[in-house]
Amino acid sequence: MTMEFRTVEAETSGDDERRLLVWKYLDVGLITEVEPRADTQQAAQDILNRLKPESNNVIAKMTIAGFYEAPVEHDGIDQSCETCVYFQVHRRYCELPEIDLPVEPHWSCRLWRI
Ligand code: SF4
């Protein structure tokens, strides 16, 4: 039980550092592929296929996934991490395996799913 707690604590601490790194890339204006959005299964799969070889490259993952520092309005819906099925609320984390990064609730990417 104690070990589990320590593991979560360590993850959370690491998450904060990685979240800050992602935020810094957004803050300096990293150009990402915000459009086109992944409206179809095929479009999403194509993006995921590009992400898979980039598991250790934060900039490539942010670029391909289309990270953006605010919700993106698409088809009348504000798409944000907060409302995405892949968002872990308590950890503030994107659990989509191909992304696997800490995020903020108001950020967005084009793999958003409800
Ligand atoms: S998949 Fe969802 S939770 Fe992950 S970064 Fe994109 S919008 Fe945010």
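**Notebook: ligand shell, helix pair and sheet**

Entry one, the ligand. I looked up the residues that surround the ligand and listed C81, C84, Y86, F87, C94, L96, I99, V103, S108, C109, L111 and W112. I note that this is a predicted model. I then sorted the shell by class: eleven residues are nonpolar, one is polar and none is charged.

Entry two, the helices. I turned to helix α2, residues 41–51, and helix α3, residues 58–65. Their axes come within 10 Å and cross at roughly 170 degrees. An angle over 145 degrees counts as roughly antiparallel, and α2 and α3 are therefore roughly antiparallel to each other. I next recorded which residues make the contact: I47, R50 and L51 on the α2 side, and K61, I64 and A65 on the α3 side. By class, the residues of this contact divide into four nonpolar and two charged, with no polar residue.

Entry three, the sheet. I traced an open sheet of three strands, ordered β3-β4-β5, with antiparallel pairing. Strands β3 (87–88) and β5 (101–102) are the edge strands, each pairing on one side only. I examined the pairing of β4, residues 93–94, with β5 and found it antiparallel, over two bridges. Within it, C94 stands opposite L101 of β5.

Conventions. Residues numbered from 1 in each chain as written. Predicted model: local features only at pLDDT ≥ 70, side-chain atom pairs only at ≥ 80, totals over all residues. Near = placed C-beta within 6 Å. Nonpolar A, V, L, I, M, F, W, Y, C, P; charged D, E, K, R; others polar. Axes fitted to C-alpha atoms, helices over the stretch in contact; angles between N-to-C directions. Helix = DSSP H or I, 4+ residues; strand = E, 2+ residues; numbered from the N terminus. Parallel < 35°, antiparallel > 145°, perpendicular 65-115°, else oblique. Contact = placed C-beta atoms within 7 Å. Pairing = 2+ DSSP bridges.
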